[in-house]
Amino acid sequence: MDKNRTALPHRIARLLHHRWAEGGLRQALQPDLLERLGQRVAASERRHTGQIRICIEGGLPLSYLWRGAGARERAVTQFGKLRVWDTEHNNGVLIYLLLADHAIEIVADRGLARRVPHGTWQAMVGHMRAAFRAGRYEDGLTQALAEVSALLVAHFPAEDDAVHGNELPDDPVVIG
């Protein structure tokens with residue numbers, strides 16, 4: 001069978017799946033949960049000079065779906081759009097969730113990425129995935145925040161006498 005003939009139905013099915021996932025996004029993420037996560041990010045950032053952003057997306061935009069792009073490419077794009085790369089010490093971290101594909105991505109800026117082995121990030125994703133499978137979404141995100149915070153405290157601790165500015169918003173970004 002012609003590859004293009006099988007690709008089109010797959011693309012359409014993926015598109016419908018992603019649009020359907022967007023519909024339930026706001027119901028799954030209650031405002032009080034988002035507020036608690038924002039407070040946890042703020043508390044974390046008082047302990048180190050890094051910046052943490054959480055981005056949760058229901059489904060990928062049409063342009064990504066049509067060309068077969070995935071969660072990692074979108075996470076890297078959001079890393080740039082949300083200016084996580086634009087921190088004084090190059091130590092920003094994006095925790096990205098794509099609900100439609102059940103995908104979890106962690107993108108760390110070069111200042112932190114060169115100090116932390118790839119396997120450490122993969123282990124964090126594994127912990128979140130296990131919590132999410134058990135239906136414990138808040139627990140999974142809270143644990144990821146704690147693990148990212150521990151890395152940032154170890155490599156970029158806040159200095160007691162320095163004024164530490166909050167360079168980026170703390171509230172999670174919800175797209176879709």
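An open sheet of 4 strands runs in the order β3-β2-β1-β4, with mixed pairing; two strands pair if DSSP finds at least two bridges between them. The model is predicted, so local features need pLDDT of at least 70 and side-chain atom pairs count only at pLDDT 80 or more, while totals for chains, interfaces and linings use all residues. Residues are numbered from 1 along each chain as its sequence is written, and side-chain values use heavy atoms, without hydrogens and water.

- Strand β2 (residues 92–98) and β3 run antiparallel and are joined by 6 bridges.
- Tyr96 has Glu105 in β3 as its bridge partner.
- Strands (E, at least two residues) and helices (H or I, at least four) are DSSP runs, numbered from the N terminus.

**Helices on the sheet**
- α3 lies across β1 (51–57) and β4, at about 160 degrees to β1; angles run from 0 to 180 degrees between N-to-C directions.
- Helix α5 (residues 71–81) packs on the sheet and touches β1, β2, β3 and β4, where contact means heavy atoms within 4.5 Å.

**The α3 and α8 pair**
- The axes of α3 (residues 31–45) and α8 (residues 137–155) come within 10 Å and cross at roughly 10 degrees; axes are lines fitted to C-alpha atoms, for helices over the stretch in contact.
- The two helices, α3 and α8, are therefore roughly parallel (angles under 35 degrees).
- Residues of α3 including Leu33 and Arg36 meet residues of α8, among them Glu138 and Leu141.

Notes: Parallel < 35°, antiparallel > 145°, perpendicular 65-115°, else oblique.
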